[in-house]
Amino acid sequence: MYPTDRPRRLRTDGIRPLVGESSVSASDLVAPVFVDATTDERVPIESMPGHERVPVSEAAARVEEIRETGVEAVILFGVPESKDAKGTRAYADDGVVQRAIRQIAADTDAYVIGDVCLCEYTDHGHCGVIEDDAETDPTFTVRNDETLELLAATAVSQADAGAEMVAPSAMTDGQVGAIREALDDAGHEDVAVLSYAVKYESAFYGPFRDAADGAPAFGDRRHYQMDPANRREALREARIDAEEGADVLMVKPALPYLDVVADLRREFDRPIAAYNVSGEYAMLHAAAEKGWLDLEATALESLLSVKRAGADLIITYFAEDLAEQL
Ligand code: PBG
């Protein structure tokens, strides 16, 4: 007890790094990349300063820029040339993400993760198959079991193109098992699955939905994404995905859900990922633009907190900018 016990002794410049319990480095980070089949030029994303949608022809160059900062892993999202009820451009061999993956695999040494979802590819903007009359039926649901096949086809087509990891984010029950089985059947035993195991129905995804043009045309995602009120349910979701063969378990969003990141860290021996989402990025940028917060310091503190809570890796829009400082 005081006066013998003085924690301040360990806070001088010389000792602080030696007793630091967590740290962030470029090798913990994954950078999101948006490839857009509707443009020949890079298009800035307004709600996410510093980010842009790039045409397939620029995908490898974009990834090289990221790698130059020290970040080696990217996750790809696609904006297709056209959308339809079943999201067919999500699992087309010549889909925008598949073409981009081929280019990136050929021209760079990046570790490539494909996001596996249908909402950017369906004309209704939901993450799976819905009934024809869904728009007028307030109780409609995404048809779970029919959606599984399409997600599995998407994962396999990304793996065929050269993705080393696929990341299902549709919150369809059974998606990890269906994808694992389809990958194995196609000879992709070595392609890993990063499961968005615990994905909440969050208002923090707003800027992403602008970026990837993936907002639902009607209704919301409450009947498939998790209720932000629930913590125990996160363990159930993660357990199911671990049993179905997920190699990495992810919590999304990150900062508002650090209790859940810590829970997963305690319960599972698999790597834990967290997705520091578009809204978490946009809010720091907005405050910094007003001169109310120091962008770099708050971004770094945010990611350090995600690491401290127990994440091994973080998907973040800050990856490139922070890696340059680290
Ligand atoms: C696709 C998907 C979304 C995000 C990642 N994958 C959007 C959503 O579920 O609405 C959000 C990422 C972010 O906000 O940064 N299902």
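1. Val-116 has Pro-168, a residue of strand E6, as its bridge partner. The two strands concerned, E5 and E6 (residues 165-168), run parallel and are joined by four bridges. From E5 the chain passes through helix H4 (residues 144-161) to reach E6, a β-α-β crossover that is right-handed. It should be kept in mind that this is a predicted model.

2. Strand E5 also pairs with E4 (residues 73-79): the two run parallel, with four bridges between them. Within this pairing, Ile-113 of E5 stands opposite Ile-75. Together with helix H3 (residues 96-107), strands E4 and E5 form a β-α-β unit, and this unit is right-handed.

3. A pair of aromatic rings is described by the distance of the centres and the angle of the planes. The count for this model comes to 10 aromatic pairs. One of them joins Phe-77 and Phe-208, whose ring centres are 5.0 Å apart; their planes stand at 80 degrees, and since an angle over 60 counts as edge-to-face, the pair is so classed. Because Phe-77 belongs to strand E4 and Phe-208 to helix H6 (residues 206-212), the contact ties together parts that are 131 residues apart in sequence. Phe-77 is buried, with a relative accessible area of 3%, and Phe-208 is buried, with a value of 14%.

4. A further pair is formed by Phe-140 and Phe-218. The centres of these rings are 5.4 Å apart and the planes lie at 65 degrees, so this pair is edge-to-face. Phe-140 is in the loop between E5 and H4, while Phe-218 is in the loop between H6 and helix H7 (232-244); the pair thus links distant parts of the chain, 78 residues apart. Both Phe-140 and Phe-218 are buried.

5. Which residues form one aromatic cluster? The members are Phe-34, Phe-77, Tyr-196, Phe-208, Tyr-275, Tyr-281, Tyr-317 and Phe-318. Tyr-196, one of these members, also has a charged group over its ring: the charged end of Lys-199 sits there, 5.3 Å from the ring centre.

6. Lys-252 lies over the face of Tyr-205, at a distance of 4.4 Å from the ring centre.

Technical notes: Residues are numbered from 1 along each chain as its sequence is written. This is a predicted model: local features need pLDDT of at least 70, side-chain atom pairs count only at pLDDT 80 or more; totals for chains, interfaces and linings use all residues. Side-chain values use heavy atoms; hydrogens and water are left out. Two strands pair if DSSP finds at least two bridges between them. A crossover is right-handed if, with the strands pointing away from the viewer, the path from the first strand over the helix to the second runs clockwise. Rings of Phe, Tyr and Trp (its six-membered ring) pair if their centres lie within 6.5 Å; planes under 30 degrees apart count as stacked, over 60 as edge-to-face and the rest as tilted. Buried means under 20% relative accessible area, exposed over 50%, partly exposed in between (1.4 Å probe, protein chains only). A charge sits over a ring if NZ of Lys or CZ of Arg is within 6 Å of the ring centre and within 35 degrees of the ring normal.
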